[in-house]
Amino acid sequence: MKLRPYIAIATIIASLLYLIFFYLAFNLDLNELLLVIGQLDLRYLMLSMLLRLSSLFLHTITWYLLLRIACREVPLGKVITIVLIAVAIEFLIPIGGAAEAIKVLLITQLTSTPSSIALAALLMHRQLIISTTLITTLIAIYWTDIPWSASITIILPILGLFALNTVVLLTPSHPKFETLVDRLVRRFNTSLAGFSNQYKDSLRSIVDLSKPELYMALMAVVLEKISNSLYGVCLGASLSIHIDILRSLLAFDSIYAVIWLLPLITPGNLGIFEAIQILLLKILGITSKSATLLALTNRVVMVVAEYPLLPPLSAYLGIHLKQLASNVSKFLRNNKSKYRNS
């Protein structure tokens with residue numbers, strides 16, 4: 001697929017405005033910034049990129065393992081491709097939940113996975129992530145010397161997200177949910193009749209404690225968090241900024257729980273993620289200048305490691321990204337509208 005020129009132009013303009021904003025907001029010295037760039041340790045920078053991709057792979061493996069509990073025929077290659085596309089396309093669709101919607105849509109359209117299994121595995125995946133995040137964050141806070149006010153600020157969004165994910169995990173099993181969503185998906189020439197019962201069966205099969213895949217999925221989540229923590233440590237090392245693994249866990253992993261609860265969304269959380277990460281790093285004892293450099297470099301690594309994968313992967317699956325983005329945006333807007341009116 002060929003990306004239209006206006007998308008490239010908009011990306012360049014947005015990137016320039018992004019850099020100008022942080023230059024003015026945090027009073028960066030341009031000469032000093034250029035000096036830091038010139039002194040980057042490329043070995044640690046490359047290791048950071050590998051760890052970033054490792055986190056994405058582990059994130060994918062978790063969902064794949066949960067899918068396999070209820071659907072043994074799901075192909076690993078397509079699951080990996082679908083997740084990477086969903087993550088990258090978040091930069092193009094400034095709507096919360098877009099990546100999750102894309103995962104479910106693509107896995108049901110491109111494989112034989114039933115929608116009930118795809119959704120149950122996805123929501124269970126989210127619950128595993130936030131449950132593990134809660135535990136690892138409490139451990140990191142206990143062993144890290146940060147103010148209790150800051151600790152509460154970090155913990156409360158995680159608790160809120162845990163409660164929200166629990167409600168969302170159980171909601172599809174309710175008959176009223178089936179009626180609501182069935183109205184929405186009819187415009188896509190499909191039906192969800194009997195979906196609530198199918199979802200209950202799928203969720204029961206996935207939460208079967210006798211299945212080894214469930215424990216393997218939990219281990220993959222733990223490894224993903226370790227990878228995220230090491231990523232922050234290596235990123236800091238590439239800039240000659242010391243950040244220990246526990247502070248890195250809070251600033252490069254636990255931070256997502258705060259981001260996910262924000263009502264304001266930008267493409268790829270551009271600007272929002274960096275602002276919150278800078279504030280969190282400062283609370284953790286990192287200087288303002290070092291925190292800003294870490295946040296900016298983090299964004300660069302994310303863009304370089306993730307977004308170039310989008311065009312070749314979409315071409316591999318034969319997906320037209322513009323049409324996909326349009327369908328997902330329309331689906332989510334209608335879902336939100338219908339839900340408010342119900």
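## Helix 5 against helix 6

In this predicted model, Glu-100, Lys-103, Val-104, Ile-107 and Thr-108 of helix 5 are in contact (heavy atoms within 4.5 Å) with Ser-115, Ala-118, Leu-119, Leu-122 and Arg-126 of helix 6. By class, this contact of helix 5 with helix 6 has 5 nonpolar, 2 polar and 3 charged residues, where Asp, Glu, Lys and Arg count as charged, Ala, Val, Leu, Ile, Met, Phe, Trp, Tyr, Cys and Pro as nonpolar, and the others, Gly among them, as polar.

The axes of helix 5 (residues 98-110) and helix 6 (residues 115-142) come within 9 Å and cross at roughly 145 degrees, with axes fitted to C-alpha atoms over the stretch in contact and angles running from 0 to 180 degrees between N-to-C directions.

Ser-227 lies in helix 10 (residues 212-238) and is buried, its relative accessible area being 5%, where buried means under 20% with a 1.4 Å probe and protein chains only. Leaving aside residues up to four places away in sequence, Ser-227 touches Leu-51, Ser-54, Ser-55 and Leu-58. With Ser-55 the side chain of Ser-227 makes a side-chain polar contact at 2.9 Å, the term denoting a pair of N or O atoms within 3.5 Å, of which one must be able to donate a hydrogen and the other to accept it.

## The chain as a whole

The chain has 15 helices and 0 strands, both being DSSP runs, of at least four residues (H or I) for helices and at least two (E) for strands. Buried residues make up 48% of the 342 residues.

## Basis of the values

Residues are numbered from 1 along each chain as its sequence is written, and side-chain values use heavy atoms, with hydrogens and water left out. Local features need pLDDT of at least 70 and side-chain atom pairs count only at pLDDT 80 or more, whereas totals for chains, interfaces and linings use all residues.

Definitions and conventions. Buried means under 20% relative accessible area, exposed over 50%, partly exposed in between (1.4 Å probe, protein chains only).
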